Amino acid sequence: KVPNYKIVNFDKLSYPAITKVDPVYRNSFESTMIRNQYELEFYKQKLIQTAGQFAKEIEYYQEEILTDIEIEFGIDCICLGNGIEVPFTIGIEQSKNTYIAKIVKNKEEILMKPWAINLRACDFILQQMKYVGFFSTEEIKTKGDPEPYMIDICMRLALPLGTAYLKFYSNIYEAIRNNVPLIPKAEYIYVIPISLPLADQTFVPITFKDKYVFEHFIALQTYYKPKYQKDLTFYAIKNYPTVGCIVLYSNSLVNYEELEKTIEEIEKTIEAPDLKIEYDTLRQNYENFQKMLEILELD
């Protein structure tokens with residue numbers, strides 16, 4: 001189930017609509033929401049500035065804007081040739097920032113739920129494909145509608161939360177190399193990105209002072225490590241400000257105050273110019289995650 005959409009050319013772009021292009025042009029043309037005539041004119045000017053006449057030659061997808069949104073959730077898993085593989089996580093990535101999720105070990109129980117219409121379709125198609133690799137979804141549940149809308153599918157690891165697999169799953173290398181199911185370390189995962197905004201301009205050092213914290217709760221994504229440096233100092237690469245993430249996990253959902261306190265303690269073990277631990281969205285994410293557990297009837 002997807003939002004109503006139409007395919008139009010440049011001259012037929014209209015509003016209100018979520019406007020997208022073929023994913024092959026990602027990073028040149030990003031999805032955008034057009035709500036009025038002024039935004040439409042602004043968007044068309046941006047398209048021309050970015051791609052000139054080419055902008056007038058490609059097709060655009062315009063979807064209805066979904067209203068009365070309850071939650072936006074998704075699953076993240078590995079596939080081994082037999083559809084959606086358990087265990088997998090179902091959770092919420094808040095504003096492309098923090099991530100909280102719960103492990104699911106019984107696929108049949110989930111797929112039987114009324115809201116799992118899209119997951120049933122994906123599971124069937126992935127089985128037909130005999131697909132092997134990573135898989136994730138994004139869905140929107142609106143008020144009064146038992147069936148959510150599928151808004152995105154990825155056949156790759158999400159970033160930066162996918163980096164957390166290095167700490168959360170005890171056999172990530174074996175799973176990839178030998179096509180075996182993932183083994184999680186706990187029932188719940190909490191992922192908080194670590195960013196260095198100055199890395200938009202230059203290489204930036206980041207030092208982890210506590211070896212235990214680093215080895216158990218820090219997952220690095222994109223970095224440079226000088227050969228001569230023996231301590232836990234790394235460099236964020238220019239134009240890659242997100243250097244990694246803090247990865248926490250538990251066997252029951254921890255209360256918010258405890259979660260935030262733990263993150264603050266870990267932050268004290270990290271030194272870097274312009275360090276940003278991106279938990280601005282953590283409280284909202286935590287509340288939305290609780291709402292998701294209730295709406296989707298996940299124990």
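Author: Exposed means over 50% relative accessible area, buried means under 20%, and partly exposed lies in between, with a 1.4 Å probe and protein chains only. The model is predicted, so local features need pLDDT of at least 70 and side-chain atom pairs count only at pLDDT 80 or more, while totals for chains, interfaces and linings use all residues. Residues are numbered from 1 along each chain as its sequence is written, and side-chain values use heavy atoms, with hydrogens and water left out.

The buried residues of H1 are Leu40, Tyr43 and Leu47. Viewed down the helix axis, these buried residues fall within an arc of 65°, so they line one face of H1. The arc is taken from the directions that lead from the helix axis to the C-beta atoms.

The names come from DSSP runs numbered from the N terminus: helices are H or I with at least four residues, strands are E with at least two.

At its start, a side-chain oxygen of asparagine 36 comes within 3.1 Å of the backbone nitrogen of tyrosine 38. Just after H1, glycine 52 has a positive phi of about 55°.

What lies over the buried face? The cover includes strand E2 (17-21), strand E3 (32-34) and strand E4 (60-63); contact means heavy atoms within 4.5 Å. H1 lies across E2, E3 and E4, and runs at about 140° to E3. Such angles run from 0 to 180 degrees between N-to-C directions, with axes fitted to C-alpha atoms, for helices over the stretch in contact.

Strands of a sheet pair through backbone hydrogen bonds, either parallel or antiparallel. Here an open sheet of four strands has the order E1-E4-E2-E3, and its pairing is antiparallel. Strand E1 (5-8) and E3 are the edge strands, each pairing on one side only. From one strand to the next, the twist averages 30°. Two strands count as paired if DSSP finds at least two bridges between them; E2 and E3 pair in the antiparallel sense over three bridges. Threonine 19 has threonine 32, in E3, as its bridge partner.

Definitions and conventions: Polar contact = N/O pair within 3.5 Å; in protein donor to acceptor, adjacent residues only side chain to side chain.
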